[in-house]
Amino acid sequence: MNNVFDVNVLGYKLTISTDKDEKYVKQLSSDLNKKLSEIKRGNNSIANMDLLILTALELVDEIIVMRNDMEKAKGGVEKLSRILDEKISCIQREISLFQK
């Protein structure tokens, strides 16, 4: 079931239909407006469309950086998992030798 909410972005009222709850949608629009304000601070005379495009590019950049960081972390976790598996196997062999 979709919920319908009004949000305000750059002073424009938008009506959206989503399966998300109202608190989440309000947080999204609040975060977007904060990001828009951050970028506008350095570019006071920027047109709204340009501001939206710059903000979208900034947000996509953040997503790509986070995705790359997650992939690196995933690789590190997988490596640590292999090392732990090897150590556990080694310990199990030592225990079996000790029990004989």
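This is a predicted model: local features need pLDDT of at least 70, side-chain atom pairs count only at pLDDT 80 or more; totals for chains, interfaces and linings use all residues.
Leaving aside neighbours within four places in sequence, which residues is Lys-35 in contact with?

The protein chain has 2 helices and 2 strands. Read along the sequence, they follow the pattern β-β-α-α.

Now look at the overall dimensions. The C-alpha trace spans about 80 × 40 × 15 Å along its principal axes. The radius of gyration of the protein chain is 25 Å. A compact globule of 100 residues would have a value near 13 Å. Take the contacts between residues at least 6 apart in sequence: 18% of them join residues at least 24 apart.

Begin with the strands. Strand E1 covers residues 3-9, and strand E2 covers residues 12-18. The two pair in the antiparallel sense, over 7 bridges. Asn-8 stands opposite Lys-13 in E2. In a regular strand, side chains alternate between the two faces of the sheet.

Between the strands of this hairpin there are 2 residues. Leu-10 is found in that loop, between E1 and E2. What is the phi of Leu-10 near? It is near 55°, a positive value in a residue other than glycine. Most residues other than glycine have a negative phi. Leu-10 has a relative accessibility of 23%, so it counts as partly exposed. The cut-off for buried is under 20%.

Next come the helices. Helix H1 runs over residues 22-41, and helix H2 over residues 48-99. Their axes come within 9 Å and cross at roughly 110°. Angles of 65 to 115 degrees count as roughly perpendicular, and H1 and H2 are therefore roughly perpendicular to each other. The residues of their contact divide into 7 nonpolar, 2 polar and 4 charged.

Which residues meet there? From H1 come Leu-32, Lys-35, Leu-36, Ile-39 and Lys-40. From H2 come Asn-48, Leu-51, Leu-52, Leu-54, Thr-55, Glu-58, Leu-59 and Glu-62.

Lys-35 has its place in helix H1. Here is the reply to the opening question: Lys-35 is in contact with Thr-55, Glu-58, Leu-59 and Glu-62, leaving aside its neighbours within four places in sequence. Is Lys-35 buried or exposed? Its relative accessible area is 13%, so Lys-35 is buried. Its side chain is charged by residue type, because Lys counts as charged.

Now view the contact from the other helix. Thr-55 lies in helix H2. Thr-55 touches Leu-32, Lys-35, Leu-36 and Ile-39, not counting residues up to four places away in sequence. Its relative accessibility is 1%, so Thr-55 counts as buried.

Finally, follow H2 towards its end. Gln-99 lies in this helix as well. Gln-99 is exposed, because its relative accessible area is 62% and the cut-off for exposed is over 50%. How far apart in space are Gln-99 and Glu-38, C-alpha to C-alpha? They are 66 Å apart, and 61 residues apart in sequence.

Notes:
Residues are numbered from 1 along each chain as its sequence is written. Side-chain values use heavy atoms; hydrogens and water are left out. Helices (H or I, at least four residues) and strands (E, at least two) are DSSP runs, numbered from the N terminus. Buried means under 20% relative accessible area, exposed over 50%, partly exposed in between (1.4 Å probe, protein chains only). Contact means heavy atoms within 4.5 Å. Axes are lines fitted to C-alpha atoms, for helices over the stretch in contact, and angles run from 0 to 180 degrees between N-to-C directions. Angles under 35 degrees count as roughly parallel, over 145 as roughly antiparallel, 65 to 115 as roughly perpendicular and the rest as oblique. Two strands pair if DSSP finds at least two bridges between them. The radius of gyration is taken over C-alpha atoms; the globule rule is 2.2 Å times the number of residues to the power 0.38.
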